[in-house]
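Hello,

I am passing a structure on to you, and you will find it just below.

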Amino acid sequence: MSDNPFKSKKSNLRTKEKFAYGGYAFATYFIIICATFIFGTILWNGVPVLMDKGLSFLSHKPQTLSVLELEKGTGYEVPTEHFDNMLISNPNELPLENLEEFQKSFQLVSFQIKNGSLIGDDYLKDIEKDNKQYYVRFTERKFPTLVGFTVHRDKKIRISKPELEIIQKHDPQLITSEITEKIVTLQNKKVTIKAGEYPLSKDAHDSLQKTELIFQMKQSYPDDEPNKINITIIPKDQTITLPSSIFYAAFDEDEKGTLPATKVESIPYEKIFTDFSLTKGNYQTSSETLKILNQYGIKHLHNAEKGAVVINNKDEINITLHQEKYDQLVAHNPQLKLSHIEQSQQQIQYTRFDIAKDVEVQLNFSDLLAFKQDSKFKPTSEKTHSYSGGGVLGPIIGTACLVIICMAIALFTGIAAATYLNEYAKKGGLTKIIRLAMLNLAGVPSIVFGLFGFGLFVMLAPVFSQTPNTGSKLNIPIVFIDSKPDLRIIEAEGIHIVDSKLSTSESEELANAAGAKKFHNGWYYISFQGWGVCMLAGGFTLAIMVLPVIITSCEESLKAVPMSFREAAMALGATKWQSIRTAVLPYAFPGILTASVLGITRVAGETAPIMFTAAVAEKSDLPWQGIHTSGFSAFVDFLQQSVQALPYHIYTVAGRIPQSEYTQPMQYGSVLIFMIIVFMLSAVSIYLRIKIRNKIKW
Amino acid sequence: MKDRNPSNPFYNSKSWKIFGLTKQDLIKYFFGGNAALAVLIISGIIMFLVFNATSFFPQYQKKLTLYRLSGQEMTDLYSAQYNKVVELESLCTQAVAYEKQTRIGALYRVTDIYSEFKSKALKSAVAERKELARSQNSLNNLKSKAEADTSITPQQIAQAEAHLAKTQKELKHKVNQSLNDLDYGHLKNKAWETSDFYLKDIRLAVLENITTKNQPQFIKNITAEYDQKAAKIDALHFIKELNKAKTAFSQPLPAYNTFINELRTIASTNKAQGEKFNRSADTIIANTKAKELAHTEEERNKQDIQIQRQLTVAPNYAKLCEPLYYSIADQKIHHEALKTAVTNGISNIPDTSEFKSNISRGLLEDIAKINSEILPFLNEKRTQIENWKHHKEYSMSKTIAGFFFGTEWVTNSSWQDFYGVVPLITGSVFVAIVAICIAVPFSVGGAIYVNRLSSKAEQTFIKPFIEFIQAIPSIVLAFFGYIVLGALIQKYSQSWMFSWLPGFPVEDQYTILNAGLLLALMAVPTIFTLCEDALNNVPKSYKEASLALGATNLQTVTKVILPSCASGVIAAILLGFGRIVGETMVVLLVLGGRIAIPGSWTDPAHSMTGILAQEIGEVNEGSLHWGALFMVGLVLFSIALGINYISQKILLKYTR
């Protein structure tokens with residue numbers, strides 16, 4: 001019966017089926033195994049880091065980690081707070097012995113500064129560093145009649161005769177030592193050079209820059225070839241006078257690449273120098289004297305060129321300083337008027353310890369500073385690893401800020417757009433175009449959004465400013481306000497002050513010529529200069545990126561609200577908007593919530609769009625710190641600052657700094673924290689979706 | 001109707017109009033406006049990219065024109081000849097080195113492993129070594145003092161000696177301990193060939209070296225053995241032939257190099273002059289303005305001098321290029337020398353059959369490939385040199401072609417920048433294809449399994465899990481690839497099990513393969529979810545009919561259900577592809593960052609997204625480089641949009 005067509009010799013269908021079944025199951029579980037392997041690796045390496053560092057990983061900012069080699073020694077004393085930090089940042093046991101806690105007391109002085117006092121620049125900065133609440137927006141500078149400084153070692157000084165005369169006029173009692181005079185004869189040279197083309201070396205070229213010689217270089221000197229000799233054109237016969245030092249640099253016949261002079265004439269002249277010495281001690285002199293001494297290596301914290309700051313604080317703020325600093329401040333600033341001076345004591349918990357064995361210690365930068373206060377602390381070697389110490393507080397906060405700004409924008413627009421598409425739109429041209437645009441927007445690579453955000457928000461977006469950038473695309477004056485920005489801001493940002501009669505373009509040119517980045521001519525401008533790398537730019541970029549997702553899922557949840565709700569509302573006489581507001585949106589709310597959590601998950605994980613719109617690797621302040629304005633402008637300043645962000649931080653510690661075993665804890669720790677945050681968010685969204693699906697049935 | 005019930009929540013007492021629009025209209029238009037934002041944004045992106053990219057081609061054309069005028073183009077023709085022969089020479093050298101490495105085996109790396117272990121052991125025992133040095137010092141001090149000072153008792157010296165002995169012992173113990181923890185897994189380069197045979201001896205040698213500071217006998221033996229083996233290999237006839245070929249190739253090179261370098265200096269000086277002249281017009285305008293606005297006479301004079309110092313004599317390129325034209329005749333000799341050297345060399349290249357190393361064999365094949373085309377190549381360059389004219393116009397079409405078909409992306413070069421997008425596109429597309437090839441079987445297979453074959457309990461576990469995979473941020477995957485996966489692939493690809501695969505064993509950590517694996521994992525959730533949707537949408541009747549006809553479950557799936565939702569599956573794959581092409585962080589960190597057209601899937605490469613992320617932060621707005629990057633962005637955008645559009649079209653068609 002072998003010709004029966006239905007008879008098969010052997011049916012291997014069942015085995016085949018089993019194999020195929022196994023294959024499909026393998027494909028599925030292989031995906032799961034791969035993902036689990038990745039999670040597992042990160043957990044395996046990350047959990048010990050978090051266990052070691054504990055909560056401090058979340059409560060510290062990223063810092064530079066220093067790896068020090070310490071020799072064994074006894075009697076190290078550091079504040080207990082930093083000692084504890086040291087224990088946290090070292091995963092290995094340190095050979096510490098004889099731990100002992102004790103109180104150390106410091107003399108403090110608290111006082112207030114009266115308005116109208118004069119204070120040197122860096123003294124003020126010192127005070128502000130120790131007292132964060134104190135910030136002077138000064139508007140005026142004055143040269144004080146008396147300034148103080150300390151000479152720590154006997155110092156010999158040589159100055160020219162006219163300078164000495166100025167000093168003797170203002171401070172006749174300053175110089176007590178013997179003054180010796182010395183006459184030096186110097187020479188100027190009068191040089192004639194013929195027109196033509198000559199080879200010229202870079203050194204000769206640089207020294208000729210300061211003279212009045214007219215020459216045209218055929219090429220510029222490349223940075224990587226300092227010895228190159230280029231050809232220069234002397235367009236006409238010239239005769240110039242120059243100091244002999246420049247003459248020997250540019251016209252020396254023995255050197256290569258110097259110019260041939262046809263006629264040289266020497267013009268000698270005399271200069272008188274005077275020598276004297278200052279013994280160590282405190283001095284008080286006039287500003288003019290300080291200005292001269294400043295050039296000869298007298299160390300002080302005054303600004304000798306611009307003068308002292310006039311204090312003009314509105315509020316009375318208490319300042320606290322250590323006794324030594326206070327003494328120095330008072331001695332060096334005779335025109336400083338203080339009130340409410342009070343002495344007090346501060347007790348700080350210290351730990352004393354010995355190190356039993358030579359050991360390698362890892363310290364965060366802020367702890368290292370505290371350790372270096374101890375004179376016994378002398379590491380034999382010190383290596384630093386950027387961003388590898390401390391924790392991830394800054395990045396977490398930064399990411400949270402970005403997400404909040406982004407979602408505020410995206411939800412507002414997204415819900416409105418979804419409402420239009422679901423409730424108002426009729427099938428037609430516009431709706432079709434909108435849907436097509438959304439569809440395509442969803443497929444745009446995230447880096448292109450980054451590019452777009454960089455070009456639009458960072459470089460082009462408009463700002464309102466009294467001090468617009470000179471490089472702005474377009475400056476439109478709106479209204480004339482006759483108020484200057486504070487002197488402190490003018491100095492800090494290099495603002496060029498221009499006469500208010502000048503037009504915008506003239507002001508811009510003038511500021512440009514002066515090399516200033518910003519100008520001010522009394523007008524208030526809309527300036528298309530971009531927001532800079534800041535949270536707002538990043539938030540907008542992320543919002544644009546996530547918009548299609550938000551619109552689509554909001555629309556889904558609006559669609560899920562039954563038609564009868566709307567009909568019932570309308571039947572009761574509600575207008576369209578009333579029916580949407582009372583009968584549709586409240587019931588779509590849970591769905592919108594899910595959509596927003598989904599959006600947050602996506603936004604929090606993105607790196608490419610914020611790479612050049614919002615994120616920076618290094619920032620010492622949290623977003624709300626270091627803002628000195630108030631009211632609305634404080635809010636604008638808050639939004640217009642760059643932030644650290646968790647994904648960008650991971651990119652920095654993983655890809656942009658040299659790899660070593662010391663950076664690894666930071667890498668795995670921040671990745672694990674990031675994964676935990678993202679997974680919690682996505683678990684919430686999955687949970688919400690399931691709950692809504694089960695709960696709400698119309 | 002004044003008596004409407006005021007307790008009705010919808011009672012509206014007032015209605016008003018602005019410009020003929022009621023409140024309702026305004027609300028509607030407000031919502032509509034928000035919806036229209038999507039259109040605005042996408043057109044904004046397109047306009048913006050185009051606007052920033054338009055300045056690129058004219059600027060690039062200007063640059064390339066100067067490149068020709070200055071004679072750089074011509075010297076690059078010389079260099080092309082030179083580089084080709086250098087490539088041959090270096091391939092020969094590499095082939096010999098790899099052959100040696102293979103034939104010598106694990107012995108080849110013993111000394112390297114020894115020094116790496118040594119540095120690790122030294123590091124772990126820093127404290128002990130310092131202690132040893134200190135006790136040695138104090139002992140020496142005591143001894144030298146004891147000669148002069150009688151107050152030091154022999155007891156003290158004995159004590160110090162005992163301490164020294166103790167510290168020595170401690171050091172030995174510590175080193176021993178850390179050595180026992182070290183094995184080949186700790187090596188930085190996982191691609192090194194290792195053998196357990198040497199491990200114990202290496203450890204002992206390190207210990208001996210650290211404690212006694214002598215060169216261990218073992219290492220001496222190994223070096224001697226290595227030299228012996230290397231000499232034996234050098235004496236093999238085919239290695240001899242290869243070395244002879246190498247010598248032949250390298251013979252004319254030094255003279256030609258000097259010849260070219262002289263000309264290159266001339267050309268780059270010409271270019272510098274051209275650039276200086278082009279800039280001077282702008283500088284004069286800026287300085288004139290500054291002069292007008294200056295306050296003091298002194299300032300005005302200064303600006304005046306600056307203006308007069310600008311180069312106003314246009315460079316005479318015909319005269320500047322004269323030495324280049326003269327060189328054509330001299331180059332004839334070098335050209336002939338190259339040709340004879342190449343013919344000599346080729347005749348000496350041995351057969352591949354006797355080579356043991358796979359890599360060497362591959363290199364020899366490369367040599368053979370170059371050999372077949374090198375003589376025509378040299379002649380072609382010679383003709384190009386003879387016909388070269390500095391004043392020939394550099395056309396716009398050639399500039400555009402130079403961007404879209406150029407194989408060089410060189411930036412911040414002191415010689416000449418080139419913006420050719422081909423290596424970037426090939427990198428991006430190659431890695432996406434590798435990723436899709438890996439992802440498709442798993443994700444489509446997984447979708448079929450979950451949708452048709454698995455149990456309910458499996459479904460409730462697998463689907464959320466895959467959603468979790470989707471939630472993994474790309475930077476986390478990039479990090480994983482950068483720190484973990486690269487080293488893993490490098491290590492395990494050395495195994496004999498994978499030697500049949502092309503491109504294996506993998507030499508670098510960061511390669512297309514590495515990035516492709518991660519991108520595959522990224523594409524899986526997208527493809528999986530969409531595929532599952534497609535499978536879900538197949539009517540139940542299809543399955544029932546098929547089963548009723550006697551088909552098995554598997555037959556139903558493969559022959560009935562899959563074909564009926566094929567377009568959905570294809571759309572899913574395309575969407576996954578689109579997502580991968582646009583992915584940034586993984587390719588930025590893991591792809592290796594080598595800007596060259598990749599030859600195999602285990603080479604490093606660079607991508608369009610990677611180059612944007614890497615370079616856009618460092619260029620000046622409006623510069624040539626800026627324009628080039630925006631052009632790349634535009635190309636990327638078009639590719640992604642095209643893929644997205646096609647897949648959406650397919651998806652739409654099939655859902656109807």
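A residue is called buried if 20 or more other C-beta atoms lie within 10 Å of its own, exposed if 12 or fewer, and partly exposed in between, with C-beta atoms placed from the backbone. Helices (H or I, at least four residues) and strands (E, at least two) are DSSP runs numbered from the N terminus.

Please keep in mind that this is a predicted model, in which local features need pLDDT of at least 70 and side-chain atom pairs count only at pLDDT 80 or more, while totals for chains, interfaces and linings use all residues. Residues are numbered from 1 along each chain as its sequence is written, and chains are lettered from A and ligands numbered from 1 in the order in which they are written.

Let me start with chain B. Its helix H1 covers residues 23-54, 32 residues in total, and spans 44 Å between its first C-alpha and its last. That is close to the 46 Å expected at 1.5 Å a residue (1.5 Å times one less than the number of residues). At B:Ala36, H1(B) bends by about 30°, the angle between axes fitted to the seven residues ending there and the seven starting there. Buried residues of H1(B) include B:Phe31, B:Asn34, B:Ile41 and B:Asn52.

Now to chain A and a pair of helices. The axes of H17 (residues 563-571) and H18 (residues 576-605) of chain A come within 9 Å and cross at roughly 150°. Axes here are lines fitted to C-alpha atoms, for helices over the stretch in contact, with angles from 0 to 180 degrees between N-to-C directions. H17(A) and H18(A) are therefore roughly antiparallel to each other (the term for angles over 145 degrees). Among the residues making the contact are A:Phe565 and A:Met570 of H17(A) and A:Thr582 and A:Tyr587 of H18(A); contact means C-beta atoms, placed from the backbone, within 7 Å.

Most residues other than glycine have a negative phi. A:Asn98, in strand E3 (residues 96-113), has a positive phi of about 50°, and it counts as exposed because it has 11 C-beta neighbours inside 10 Å. A:Tyr387, in strand E19 (residues 381-390), has a positive phi of about 60°, but with 22 such neighbours it counts as buried.

A:Asn230 lies in strand E11 (residues 229-234) and is buried, with 22 C-beta neighbours inside 10 Å. Beyond its neighbours within four places in sequence, its contacts include A:Leu200 and A:Tyr221.

Best wishes

Methods:
Angles under 35 degrees count as roughly parallel, over 145 as roughly antiparallel, 65 to 115 as roughly perpendicular and the rest as oblique. Two residues are in contact if their C-beta atoms, placed from the backbone, lie within 7 Å.
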